[in-house]
Amino acid sequence: MAFISIPLHTPGRWLRILSLVFASSLALCLGGLAQAAAPSTPTEGSSMSTTPRVKLLTNKGEILIELDAAKAPKTTANFLTYVKEGFYDGTIFHRVINNFMVQGGGFDAGMKQKQTHAPIENEADNGLKNNRYTLAMARTADPHSATAQFFINVADNDFLNFTAPTPNGWGYAVFGKVVEGTDVVDAIKVAKTGNKGFHQDVPTEDIVIEKATVVE
Amino acid sequence: MSNDITLAGAVWVASDIHLGPDTPETARAFHQFLDQARTQANALILCGDIFDAWIGDDFALRDPPGWLACSLDKLKQVSAGIPLWIGRGNRDFLMGERLMALTGASLLPEPACLHTDAGKILLTHGDEYCTADAGYQRFRRIVRRPCVQRLFLALSLKLRRGIADWARRRSMASNRYKAAHIMDVDPAAIEQAFARHGARTLVHGHTHRPAVHSLTVNGTACTRIVLPDWDYEHQPARGGWLVIGADGPRLVQASKSS
């Protein structure tokens, strides 16, 4: 009788196992760029150099960035505000896609989004291109919604460039470039990633901006 | 079934759109792309992972959710104008003939051997080349068995939907890392594919590593083109497709579709 009972039970178990196999294959990827905006504190660049430099000290090494205050004055001033406030200290590169870009400056190591200042105007029509090792502002689908998050292009991403002052054509505002530490960027872009909560492409091992400082 | 397909004119190829209930922006971009393809291409091929999950064609036939119904309508519009081919990916491998009948599409053979104005092109989703991922290949062998698929599809739609919802909730609630890492293709598997099919151009998706690779197989210069994946839920967004015409294949990457 024991032999007869096995085939009777097996299909049920099989289905359960199969269902689990299928269920585990249905990993769903979700995400939304939640936007936090606080009352604005406009910043005037006080006797700002046209090429201010910012050093990002990460746990992967140092990245030296040169900003273009002549072509992207508002974006540069905005970025420097966050740098000087220490906003970026302790934030992570939370979206890392090799052959595309590495994005950071908005979340802390616990993937908690930080409160930012008001969004800024998109300066993507300044002629600067989203080429490899340039720095551009991240944003939501609204062209003029950039706050603190930025990304470093790790490929020539022509399709991110400004083409027209329309929601689809605005593109992403480039405001600087990496002048030292491209090897650090190269190390970040190949980081192993996975999904975390609502976010995709999150490095499994935190890549932290320990300190961002203006280089005088 | 013959794996050969002869296509004249501009052939557009896309994959890895990963549509689901939580991808409204990606769906919008994809629909714009379909409109564009309908008017500018002579044929459209979608080669796998169009949907992030597929629990059976009856899901699309019987009372599909809004996001799906909208995409199905768009696919029907395309097939009314130009030939539409749909291939299975590693996520939506349960797509079958009933979906094809519904959308007016033809099921893409695996691999497909395209005879185009740009010459012979081998096309496939690409997960079969990730041979270093032994665990995945084992899973693939199991779920690709017709008997296993029949068994799963024999479950009630309600139960299958329940399983999918449960997986989704679990995925959303979890704050742990999910192993979403997709291995890259194995060079040896690629060389074998080139050699076996005598093609000089191979096009695939799956790896989410869009690129055009030049390589030499048995002294012959070959090209491997990797299709981009789509993600318009996060900014900067990205997606894209391949245009195959008389002047050769050309990869179009786009953060916007218009």
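Colleague: Which strands does helix α2 of chain A lie across, and at what angle does α2 run to β10(A)?

Modeller: In this predicted model, where local features need pLDDT of at least 70, side-chain atom pairs count only at pLDDT 80 or more, and totals for chains, interfaces and linings use all residues, helix α2 (residues 73-85) of chain A lies across β1, β2, β5, β6, β7 and β10 of chain A, at about 115° to β10(A). Residues are numbered from 1 along each chain as its sequence is written, while chains are lettered from A and ligands numbered from 1 in the order in which they are written. Angles run from 0 to 180 degrees between N-to-C directions, with axes fitted to C-alpha atoms, for helices over the stretch in contact. Helices (H or I, at least four residues) and strands (E, at least two) are DSSP runs, numbered from the N terminus.

Colleague: Why are α1(B) and α3(B) called roughly parallel?

Modeller: Their axes come within 9 Å and cross at roughly 10°; angles under 35 degrees count as roughly parallel, over 145 as roughly antiparallel, 65 to 115 as roughly perpendicular and the rest as oblique, and therefore α1(B) and α3(B) are roughly parallel to each other.

Colleague: What pairs β5 with β6 in chain A?

Modeller: Strands pair if DSSP finds at least two bridges between them, and 3 bridges join β5(A) (residues 134-137) to β6(A) (residues 150-153), which run antiparallel. In β6(A), F150(A) is the bridge partner of M137(A).

Colleague: What order do the 8 strands of the chain A barrel follow?

Modeller: The barrel closes in the order β1-β2-β7-β5-β6-β4-β3-β10, with antiparallel pairing.

Definitions and conventions: Two residues are in contact if their C-beta atoms, placed from the backbone, lie within 7 Å.
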